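Please keep the sequence and the model in view while reading the points below.

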Amino acid sequence: MLAETASTVLAARGLTVASPGGRAVVDGADLDLRSGEIVGLTGPSGAGKSTLAFALLGLARAPFSLAGGQVLIGGRDLLSLPEEAARAVRGRDIGLIVQNPRAALHPMLDVGRQIGRIWRTHTGGDARAARDRAVEMLRLVGINDPDRRAAAFAHELSGGMAQRVLIAAALAADPAILVADEPTSGLDVTVQAQFLDMMWRAAKDRGTAMLLVTQEPGVLANYCDRVLTMEAGRIVADRPTRAHFAGRAVTARATIRSLPEAAAAPVVTAVSLSKRFPLRDGKAVHAVDDLTLSIRPGEAVGLVGESGSGKTTAGRCLLRLIEPTAGRVTLAGRDLSTLSAGDLRRLRAKAQIVRQDPFDSFDPRWRLGRSLREPLDVHRPDMDAVAKAARVAELIRLVGCEPAVAEARPRDLAAGMLQRLAIARALATEPAFIVLDEPTSVLTPDARREIVALLRRLQDELGVAYLFISHDLTTVAALCHRVVVMYLGQIVEEGTTAAIFDDPRHPYTRALIAAHLDEDPANRRVDRPQPDRVEGEIPSPIDLPTGCYLASRCPMALDRCGTERQALAPLAGDRTVRCWRAAELDTDNEVRHAL
Amino acid sequence: MIGRFVVRRIGVAIVQLAVLAVAVFFLIRLLPADPVARFVGLNATPEAYAAAKANLGLDRPLTEQFAAFLGLAGDGRVPGLLQGGLGVSWVSGAPVAAEVAAYLPVTLELIGLAFLVAILVGVPVGAWGALKPGGAADKGTLVYGLFAGSQPEFTWGIVFIFVFFVGLGIAPGPLGRLSPLTEPPDAITGAMTVDALLAGRPDLFLEALHYLMLPVLTLAFVLSGPIIKMVRENTGAALLSEHVLYARAAGLPARVVARDALRAAFAPSMTLIGVLFGFMLGGAVLVESMFSLGGLGQYAIRSILAFDYPAIQGVVLVISAISLAVYLILDVAHAMLDPRVTL
């Protein structure tokens, strides 16, 4: 491989970062970065990955401080250089891309100025040249209309756009080393794929050495040449990517669940559900548009799509947590829209929700036992204190926790454990239907797998129906029987999990699946052509496109797509697709299968 | 955008002032006080009492009095609120509007200079304390905070008079705005320093500044406390922010990083400055009285003690209007500084 012969551009030796109490947060880390090589740095939360990444630039986030070791760049130790010389190395020789790009940009300066001044600092150009350079860099990282975007402020950018700005800033002075600290956390899969492809190309074309901090096995498998594993402040493994994944079962996709047998009546049905949020100037945000959906008892339906596609709003409308603008929802045979406030409150026992961040959904001051008892206090006046305590203990056991957690407070537990208890609380009133709104997206990959296993077991035991909202296709594939794909408030494709994942028809679904990163280093995304990709980002839900909503980003778009709204139409094999060209793919596939 | 915002806010301010005018008018009359007795004295005959009452217009029903206050009824001798008048002072017999116009500039001059001094001292000291935690500025701030914030203006005023006038003899006595022997310049704006300059008298300008030295010092001394604290906190938070860490990682020079942090820290401080303004008006009342400056604060106290209803109403309305104007100016300035704020 290239890595064997390439020169080492950064070497860290015995790098140590300490907390004010003297505890080593990064403990004697040794690592080498070679030109043209992408090195992954992974490990559980709190292992010290980010701290190590910052330490490579000779920086430590307060209250930590650098406590020892060397960072050799171009034969000089960055840590023993005088501050002014060390400063000049940062940004010129080693660039940084951070996890939260919007927070990293100054809120009161336009982004063109921020990119330009970094370049200016390291090259000594004048202000006009810096502006030109900023616009050039924005164009290079694929931002449309870079002249206008250069005048934008951080809060006016989407997360994906802000991350591109940071790359533009990092690449402006053309450093030989790039450190990227979880650069794609918080980005949608299609944007994540665009971003990582760009980084990969930058590394390979320019010979940049890159350290990529990530917890995602899919990112490691697809983009990294080598993987460093960190645990409790120490680098415990340094292996080529294939060796890192060797021995793991490469389950590109978990076993797909078959549909529950009984064709029972749906537990929840939505017909032509729409939600518009009016704006001041008479326009409206079209969050959900004509959504029709039904879920049967014991069935898990996945709702996928990018941020801004209306998934969360759809889930909340189904529970009438927010009032739909139009349409009807039937839950357990009763029309939610006509219920009185009192009846609706009683029916809430049958329909529950689990939200994304468990730390937000529990009262931080309450012991968890009290939080778990609360739904019983509200909905079960017939139960006495003893019965409630018994039910709480039963719920805790049900989600596989120790009874002692009833005495704990939220901050005493890890996010994964707390999310289990959030699920237990949702189950307290024996609901028939639960909306799971991104319940795994703030969790580590391991905790995510455990939650999915738990949800599968609970569904098998209790027969509860799920609407599982997520942008993480791996968990959707592992949990759901059916998948609904949303784009800009509309359903664009619906079908069984097998149909959607193995043979997606809508161009957007195809792009979503193609952007998904399998945990398989033998089948890397960067090694194969990518015909199914959508460019750019989701359009504004205020000024909707006139034709098909995807037309501006679609690789299959023809003139007709720009003018003609698309309708959801059934296709062979129990699925519906919102694309007039979807049927063509059918014949494509037949040809392909025939060959 | 900003123009529309300003127009809307002025509209809202007019409504606020109208409500305030009504409230003040009636609330003041709910007081268990007898202004007539105050004017005629305890030994007046019933006839003299009734005559005084009729003279003040207090014999008429409340609605009629209110109509006269607004300028809708009455003899037309005195312009009402709708004609831009504030009535006639019961004590002096002069129009309240004219009296306020004479006293207000003194207060504005005092507050303006104190504000300037407090900001010129407070912002650098606060920023310095944040940039060098534990340094001299930081420690000094702590000690200063313990003293300045813990004592009201009149304590410091007396201490300063004792130290700088009685002790060191470098400040004039608390006798007003100029030496009693000096012929004041023509009152054009009412602010002594400005009038001295307009009259082409730099000697008077310096004398006026000299006489303002202790009042301004007193007010600024107390006011710097919250300003230093606020700048210190906001700058400290900005220095710990992601964007400052990123700016350092990008290799930007230390002075650029410090400027970034200050810029981010200053915008949210604007809101607090508005709050401080109200706080300062209260402080000005005490300081004016202590140094015999004859400002609006002193006028307000005199009017309250004399039950001079028209004067009290006038002072309340004028001070409210000024406060609303200050808030508006600060909001516009904040929006111009910070692109995240939309008006």
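The notes that follow are grouped by topic.

The structure is a predicted model. Over all chains, it holds 44 salt bridges. Chain B has 13 helices and zero strands, and its surface carries a nonpolar patch of about 630 Å².

**Chain B as a whole**

- Chain B contains 343 residues, of which 43% count as buried.
- Its C-alpha trace spans about 85 × 55 × 40 Å along the principal axes.
- From the N terminus on, the elements of chain B run α-α-α-α-α-α-α-α-α-α-α-α-α.

**Surface patches**

- R113(A), R255(B), R259(B) and R263(B) form a positive surface patch.
- Helix 11 of chain B, which covers residues 254-291, supplies the largest share of this positive patch, namely three residues.
- R255(B) is found in helix 11 of chain B; this residue counts as exposed because its relative accessibility is 60%, and exposed means over 50%.
- An α-helix has 3.6 residues a turn, so residues three or four places apart point the same way.
- The nonpolar patch is made by V159(B), F162(B), V163(B), F165(B), V166(B), L168(B) and I170(B).
- V166(B) lies in helix 7 of chain B, residues 153-167, and is exposed, with a relative accessible area of 52%.

**Helix 17 of chain A**

- Helix 17 of chain A consists of 13 residues, numbered 415-427.

**Salt bridges in chain A**

- Side chains of opposite charge can pair when their charged atoms come close.
- D145(A) and R148(A) form a salt bridge in which the closest N and O atoms are 2.7 Å apart. D145(A) counts as partly exposed at 39% relative accessibility, whereas R148(A) is exposed, with a relative accessible area of 53%.
- A salt bridge also joins the side chains of R320(A) and E323(A), at 2.8 Å from N to O. R320(A) is buried because its relative accessible area is 16%, and buried means under 20%. E323(A), by contrast, is partly exposed at 45%.
- Which residue forms a salt bridge with E494(A)? The partner is R482(A), and the closest N and O atoms are 2.5 Å apart.
- This pair links distant parts of the chain, twelve residues apart: E494(A) is in strand 20 of chain A (residues 490-496), and R482(A) is in strand 19 of chain A (residues 482-487).
- Both partners are buried: E494(A) has 15% relative accessibility, and R482(A) has a relative accessible area of 12%.
- R34(A), E37(A), R226(A) and D238(A) are joined into one network by salt bridges that share partners.

**Backbone features in loops**

- The peptide bond from A62(A) to P63(A) is cis, and its omega is near 5°. P63(A) is found in the loop between helix 2 (49-55) and strand 4 (65-73) of chain A.
- E438(A) has a phi near 50°, which is a positive value in a residue other than glycine. E438(A) is found in the loop between strand 17 (433-437) and helix 18 (445-462) of chain A.
- Is E438(A) buried or exposed? At 8% relative accessibility, E438(A) counts as buried.
- S292(B) is not a glycine, yet its phi is positive, at about 50°. S292(B) is found in the loop between helix 11 and helix 12 (296-305) of chain B.
- S292(B) counts as partly exposed, because its relative accessibility is 37%.

Technical notes:
Residues numbered from 1 in each chain as written. Chains lettered and ligands numbered in written order. Predicted model: local features only at pLDDT ≥ 70, side-chain atom pairs only at ≥ 80, totals over all residues. Heavy atoms only, no water. Patch = residues over 30% accessible without salt bridge, like charges linked within 9 Å, V, L, I, M, F, W, Y side chains within 5 Å. Areas by Shrake-Rupley, 256 points an atom, 1.4 Å probe, with all protein chains shown as cover. Salt bridge = Lys/Arg side-chain N within 4 Å of Asp/Glu carboxyl O. Lys, Arg positive; Asp, Glu negative; His and termini not counted. Charge placed at Lys NZ, Arg CZ, Asp CG, Glu CD. Helix = DSSP H or I, 4+ residues; strand = E, 2+ residues; numbered from the N terminus. Buried < 20%, exposed > 50% of the residue type's maximum accessible area, 1.4 Å probe, protein only. Expected span 1.5 Å × (residues − 1).
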